[in-house]
Amino acid sequence: MGETVAHLTVREVGRVAESVLGRPLNVTSNTDIARDLAIDSLTLMNIVMELEDKFDMSIPLDRMAVIRTVGELGELIDELRTKD
Amino acid sequence: MGLLQKYEAPSEAYTDIRRFGADPFNMRFDTVISPTEAELNGGRVILIGTNNYLGLTFDPECVEASVEAVRNFGTGTTGSRIANGSFGAHLAMEAGLAQFYGRRHAMVFTTGYQANLGVLSALAGRGDHLILDADSHASIYDGARLSHAEVTRFRHNDPEDLYKRLRRLEDSPGDRLIVIEGIYSMMGDVAPLKEIVDVKRQTGAYLLVDEAHSMGVLGERGRGLAEAAGMEADVDFIVGTFSKSLGAIGGFCVSDVDDFDILRVVSRPYMFTASLPPAVVASTLKALERAESDRSLRPRLQANSQRLYDGLNALGFTTGPQLSPIVAVVMPDMPTALSMWNQLLKGGVYLNLALPPATPNNRPLLRSSVSAAHTTEQIDQVLAAFEWAGRELGLLPAQTQRASA
């Protein structure tokens, strides 16, 4: 139970990405979403939509512009969740 | 390391596409013969991918109006409306649109893309919320980015999902603007407007409908989905284009909201673009009159669409979920889509090859757009070409009993 919230979120992002892409992924905090996972803009938006449902929250797309890695996406989700 | 190095992946993908034959993104027509025919590499092709829904591009009255305007007012305005002023044609076009839609205000933009850019970026600002259908056109996504508003997508044509996402924003300050399209440009499906209006009423949001592909197509008078669904009073903003049913180029927004005209001095895509040439506006205004008054156009368009849609389904192709002038055939994968598109071209049919991520669900599409100007024979020729190409490529079983519609 030593995992931080951020690590759990990264794992969830990985699971959701796997279900949207329909293939297994090896995802860490440092995984670059576009380069390492070969995900296009539309697929990323679809992953964000699934994450919104998973966490019952809103992840505004305008906040995604600066996100490059899975870890950064996890941090954004944690930040938006704690804001509520 | 060049500036364009970052495009290595799309560049390779584009090269692969061209290996299959013609370049689908760089077609060169020798001449355009009519709204439904052109010459390509010395041969004739049927045009069935050009969004020319009412077939008015060669309408004699529209052509004459345009010729007269170019003689009287010159080839261009050489500047924006706020800098170089408006011509009579711009004001007449706006008055004509307002009257056509029965709205108090109308504003013309230089392209349809810019209409979405100019309207969305001005209506929603920092702290507001734009709620977009997931399958929205690129101009809607780009307009949303330019607005600096918070952007949320909801599942395509799913009012319950829209409601769920608006509910999540309940405690957030700012206005909400829902953005949908009348007919979606890739699959040709229609938005469930009544149900979306219910959500709008429950949540106190505003609603904008992009009628780019439904203007001139849906509704008794051709005003689009809002008219067809009887929901015009609940649609706060209608955006549309002149480059489809009206056969020219340009975009517009109509509305009844107070102070609408402030957009003219805050919408950057409106302020910092040269205005439409009077010749373009003149043909568009004439085309708008034709779209409204010629009641034979829509039944012809409907009959042609039905013939193509039913014919393709009878052959065994997978089409979109609803009948509309946009008839998309779903392809199983990229190589099949590319081979099929090239084969159709050889068979004398030009339509659009639509590829992911511009298409829903990552599926390549062969997208046709039917015109009122197509003859029954042309639709049958297109169906015959589909059948021939499908059998050549093994997409359809070799010559068997043809399924009945």
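## Reading a two-chain model

Modeller: Let's start with chain A, whose secondary structure comes to 4 helices and 0 strands. Helices (H or I, at least four residues) and strands (E, at least two) are DSSP runs, numbered from the N terminus. This is a predicted model, where local features need pLDDT of at least 70, side-chain atom pairs count only at pLDDT 80 or more, and totals for chains, interfaces and linings use all residues. Residues are numbered from 1 along each chain as its sequence is written, and chains are lettered from A and ligands numbered from 1 in the order in which they are written.

Biologist: What radius of gyration does chain A have, against that of a compact globule?

Modeller: The radius of gyration is taken over C-alpha atoms, and the globule rule is 2.2 Å times the number of residues to the power 0.38. For 84 residues a compact globule would come near 12 Å, and chain A agrees because its value is 12 Å. Its C-alpha trace spans about 30 × 30 × 20 Å along the principal axes.

Biologist: Turning to chain B, how is it divided into domains?

Modeller: Domain bounds come from an automatic or database domain assignment. In chain B, domain 1 covers 8-47 + 296-392 and domain 2 covers 60-293. Their contact takes 16 residues from domain 1 of chain B and 13 residues from domain 2 of chain B; two residues are in contact if their C-beta atoms, placed from the backbone, lie within 7 Å. On the domain 1 side, α12, β11 and β14 of chain B each supply at least two residues.

Biologist: And how do I read a sheet? Which order do the strands β11, β13 and β14 of chain B take?

Modeller: Strands of a sheet pair through backbone hydrogen bonds, either parallel or antiparallel. Here, two strands pair if DSSP finds at least two bridges between them. This open sheet of 3 strands in chain B has the order β11-β14-β13, with antiparallel pairing. β11 (326-330) and β13 (352-354) of chain B each have a single partner strand, so one side of each is left without a neighbour in the sheet.

Biologist: How many bridges join β11(B) to β14 of chain B?

Modeller: There are 5 bridges between β11(B) and β14 (residues 365-369) of chain B. V330(B) stands opposite L365(B) in β14(B).

Biologist: Is R18(B) partly exposed or buried?

Modeller: A residue is buried if 20 or more other C-beta atoms lie within 10 Å of its own, exposed if 12 or fewer, and partly exposed in between, with C-beta atoms placed from the backbone. R18(B) counts as partly exposed because it has 13 C-beta neighbours inside 10 Å. R18(B) belongs to helix α1 (residues 8-19) of chain B.
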